[in-house]
Structures are given as structure tokens and as C-alpha cells.
Amino acid sequence: MIEIENVRKSFGTLEVLKGIDLTVNKGEVLTVIGGSGSGKSTLLTCINGLEPINAGKIVVDGTEVHAKSTDLNRLRQKIGIVFQQWNAFPHLTVQENVMLAPRKVKGMPKAQAAEIASKQLKHVGLGDKLDVYPGRLSGGQQQRMAIARALAMSPDYMLFDEVTSALDPQLVGEVLDTLRLLASEGMTMICVTHEMKFAREVSDRVAFFHQGVMAEIAPPADLFGNPKDPELQKFLAATH
Amino acid sequence: MFNYRFQWRQAWARLPEMLDGAIITMQVAVLSMVIGILLAIALTVFRRSGSRVLSGIATTWVEIARNTPALFQIYMAHFGLAGLGLHLSPYASLLLGITFNNAGYLAENFRGALKAIPDTQTRAGRSLGLSDIQAFRHIVLPQMIRISFPTITNQMVWAVLMTSLGVTVGMNLDLYGVTQDLNALTFRTFELFAMAAVIFYVIVKIIQAGAWLISRRLFRY
């Protein structure tokens, strides 16, 4: 369970999260929508401790993320994150990309890591690309590799930060299909996305962020069918 | 004007001694590069460390190495340190001077290479649970070496050529030093130095060919 309590976060004088309260349960798929600069991506990087917070707290399975005593490297094994820019490691083959963290962080023997990597890569449809360097892959394939790379650490939670935003339109579908697959397998996921159709289909709940505030949160049928927040109404009108 | 009589045979007979010198030259160059690369990586880490003391040390090193003559650096390693009471052999002084120079130049090149690697690479590594050091070691460093590989090759060539400065601190084991001594013995100046030049040229070509082979093997992406 991820518990977010009154989290505030500023970059300099700009407050990007103005007191967020949110609980994500095990097995839940939460999507976060909202305009640019609404703070939705920042929230994800705070959840796995890549960014410090200014106030409030985030607790993952009883561990407070920003407590001094927390071993972030250990905590991050639980929480996979995939970014808009997939950040493939160009000097490693697709399989080596996925093997790196299991080997170096978990100290797994090479053969075992290779097996896990090939299993995860098959899972995302890249079983025939194991020995290829990422430079030879399309954006969609690289993004799926990044998902496999995060999954190889067998995380309990997956955070997706606008993972389709940097892709050519014809490649978006294959990545969303991968996310759908994970959702159907019961993975706990928080997806920041601009794909409204996707949000409507896979989410248990959808949260709308506006200027650092979570303005509305509801099951997709309610949020899209009967939006209450005026900013959300404007946002939905503009995106349709 | 041209009444010099070439006596190639006399000079040619000295080839084995010169080749022995060439081995020492290679040895100094290779050692100075291996140590120089390790030091340059350390200096690069120092400069990124955020510690003012460490980055101050690294910056001073790079500034001196790049902005003063290599000859001065070798002199300081021999006569400068001797003045302070540390007497190094000509071999050690030459090795120290060239290593100092290599480390400075390479550290600057590494810094440039790092700028070409997006911060998001480290971030992606950290988000997978790698520590800062692991992310640097397994993600940043290999890419940095690849980007700066041509300049590493260049510096290796320079290291070979810089060994010729060793004669100024009494080094007479390397190719240039041996040639100088043979010249004093035989006065076959043109022949001996022409041969030395050809040997230097061949060494450099071997280095370039070797670098090409290494890069083909290491950088398949």
C-alpha cells in the first residue's frame, strides 16, 4: 500500500505539489491525468525517493520513503518506474539492460539474471531482440524494454510517467497493450498519462491534478461521465 | 654543403640496441597511460563530488597539466622534487611527469564526454536500485570511455612521443636516450636519428591499429 499524506514539494519558489493526500491499494490501477505542470510526474519521482519532499510523508508498505533511516536503494527494488524517455543503456544489449539491476543490486548469478531477463523480455514481446543493442530498436520497443527492465526486479509497484508521450503515434498502441497486460495480471500501478481512452479502460480510479492539487479522484465512469471540478470539465472538453 | 658521407651500415648495426630502447619507451608510455587513465577517472569523480577541496585539487591538477610545457612537468618531477629531498631516478621522473600530463588531459576529455551523457541515464540506474557508485561504474563510465576513446588513443601517441623529453633529466634507456648515446659514440647523427624517427613512426602506427582493433571489439553498439 502506498500512503501519501499532505505532501508538499517545491522547486525553488515554485510549489508544484500543494498538499497531496492519496492512498493506493495493493492490486489497484490508478491513472493520473492533468495538464502540464500540474505536478503529476513530480509525485511519481517523490514516491520512489528520486526527489525529496518539503512536507508531509509518503509511506510504502510501512516504510517512510523520505525518512533518513530508509535505505532507498532497497526500497526502489519494490517500486519500478518507467519514464517518458526510456533511457535505454546504449552500451548494453537488450538482455544486458534488463540483467544489470538483478545482477548488481540483488547480486544474482549471471545465468539466473539472464533467464529472468529473457522471460521478462518475452513477456513484453521482445523475445527475439535479446542480443540486439537498443540503438537498433524503435522507440516503442525501447520503451517496452524499459518496462521489462523494471519488472525484472520483481517490484510490488510500478510507476509509469507518461510512457507513451515521446512515442510516434503508431507506436503508442504496443506500449499501452503491455500496460494493459500488466494491469490484467494484478500489478499495482500508478500511470501518469495523457491517453484518456486508456485511463478509462484500465483504471480502478482516475485522479485529476491541477496546479499542484488533486482536484478530483473517482472511478473512471464517474470521473469521465460526471466530472464535478470545473477545471476537470474544461480539461476534458479540451482533450476530446 | 652536402659533404656528409652516409654510413648506414654502421648505424644499422646499432638497431638491436635501439629496439631495446623502443621497448622501454613503450613500457613508459603504457604504464603512464594505465595509471593516467585511472587517475583521470579519479580526478573526474573528484570534480563531480561537490567537495570544494577535492574539486580544487582536481582543477589545479588539470590546469597545470594542460597549460604548462610537458618538459616543465618532467623537470619538476626530477629536479623539483629532488630540491624537496625526493630523488627519483630518470626513469621514475619521466614516468611521473608523463603520467601527470596524461591524467590532466584525459580528465578534461572525460569531463567533456560526461556532458554528452544525459543525467537521465544515472537517474534510470538509480531508480532500478543501483547506488550512485554502481550507476557511475556500470552505466556512465563505459559510455564515457567510448566517447573519449579517440582522445585516449591520441594521448597514448603523445605519451610515446613525450618519452623523448626524458633525455633532459638524464634518461638514457628509452629509444631517444639510446639514440642520443649512440650518436655521441659514433657520430652517425643523421642515420641514427632517422632510424629513431622511423621506429617512433612505426610504434605510433601500431598503437593506432591496436586502438582500431580494440574499438571494433569493445564498441559494437
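## Chatting through chains A and B

Guide: Let's begin inside chain B of this predicted model. The buried residues of α7(B) pack against two helices of chain B, α5 and α6 (119-127).

Visitor: Which residues of α7(B) are buried?

Guide: They are A135(B), I139(B), V140(B), Q143(B) and M144(B).

Visitor: Where's the kink in α7(B)?

Guide: At V140(B), shortly before the proline P142(B), and the kink is about 40 degrees.

Visitor: What span should helix α7 of chain B have, and what do its end C-alpha atoms give?

Guide: Helix α7 takes in residues 132-147 of chain B, which is 16 residues, so at 1.5 Å a residue it should span 22 Å. Its end C-alpha atoms are 21 Å apart, which agrees.

Visitor: And α5 of chain B, how many residues does that helix have?

Guide: Helix α5 of chain B has 26, running over residues 90-115. From first C-alpha to last it reaches 38 Å, close to the 38 Å expected.

Visitor: Is α5(B) mostly covered or mostly uncovered?

Guide: Mostly covered, since 19 of its 26 residues are buried.

Visitor: Let's zoom out. How many helices and strands does chain B have?

Guide: Ten helices and zero strands. Its C-alpha trace spans about 75 × 45 × 30 Å along the principal axes, and 38% of its 221 residues count as buried.

Visitor: What about contacts in chain B between residues at least 6 apart in sequence?

Guide: Of those, 74% join residues at least 24 apart.

Visitor: What does the UniProt annotation cover in chain B?

Guide: An unreviewed UniProt entry has the annotation "domain: ABC transmembrane type-1" for residues 18-211 of chain B. In the model that span is 83% helix and 0% strand, and its end C-alpha atoms lie 24 Å apart.

Visitor: New topic: how many residues of chain A and chain B are in contact with each other?

Guide: 21 residues of chain A are in contact with 18 residues of chain B. On the chain A side, the elements giving two or more residues are α3 (94-104) and α5 (139-151) of chain A. α3(A) gives the most, with three residues.

Visitor: What classes of residue are on that side of chain A?

Guide: The side of chain A that touches chain B has eleven nonpolar, seven polar and three charged residues.

Visitor: Which residues have the most contacts inside the largest nonpolar core?

Guide: I47(A), A148(A), A150(A), L159(A) and F160(A), in a core of 121 residues. The largest share of this core comes from α5(B), which gives ten residues.

Visitor: Take L159(A), then. What is it in contact with, leaving aside neighbours within four places in sequence?

Guide: L159(A) is in contact with L44(A), I47(A), N48(A), I79(A), G80(A), I81(A) and I190(A). I47(A) is another of the residues with the most contacts inside that core.

Visitor: Last one: which residue has a positive phi although it is not a glycine?

Guide: Q211(A) is one of them, with a phi of about 50 degrees. Q211(A) lies in the loop between β9 (205-210) and β10 (213-218) of chain A. F187(B) is one of them too, at about 60 degrees, in the loop between α9 (175-186) and α10 (189-218) of chain B.

Visitor: Why does F187(B) count as exposed?

Guide: F187(B) has 12 other C-beta atoms within 10 Å, and exposed means 12 or fewer. Q211(A) has 14, so it is partly exposed.

Note on methods:
Residues are numbered from 1 along each chain as its sequence is written. Chains are lettered from A and ligands numbered from 1 in the order in which they are written. This is a predicted model: local features need pLDDT of at least 70, side-chain atom pairs count only at pLDDT 80 or more; totals for chains, interfaces and linings use all residues. Helices (H or I, at least four residues) and strands (E, at least two) are DSSP runs, numbered from the N terminus. The expected span of a helix is 1.5 Å times one less than its number of residues. A residue is buried if 20 or more other C-beta atoms lie within 10 Å of its own, exposed if 12 or fewer, and partly exposed in between; C-beta atoms are placed from the backbone. UniProt positions are given in the numbering used here, feature names are shortened, and annotations may be inferred rather than shown by experiment. The bend at a residue is the angle between axes fitted to the seven residues ending there and the seven starting there. Two residues are in contact if their C-beta atoms, placed from the backbone, lie within 7 Å. Ala, Val, Leu, Ile, Met, Phe, Trp, Tyr, Cys and Pro count as nonpolar, Asp, Glu, Lys and Arg as charged, and the others, Gly among them, as polar. A nonpolar core is a set of buried Ala, Val, Leu, Ile, Met, Phe, Trp, Tyr and Cys residues joined through C-beta atoms within 7 Å.
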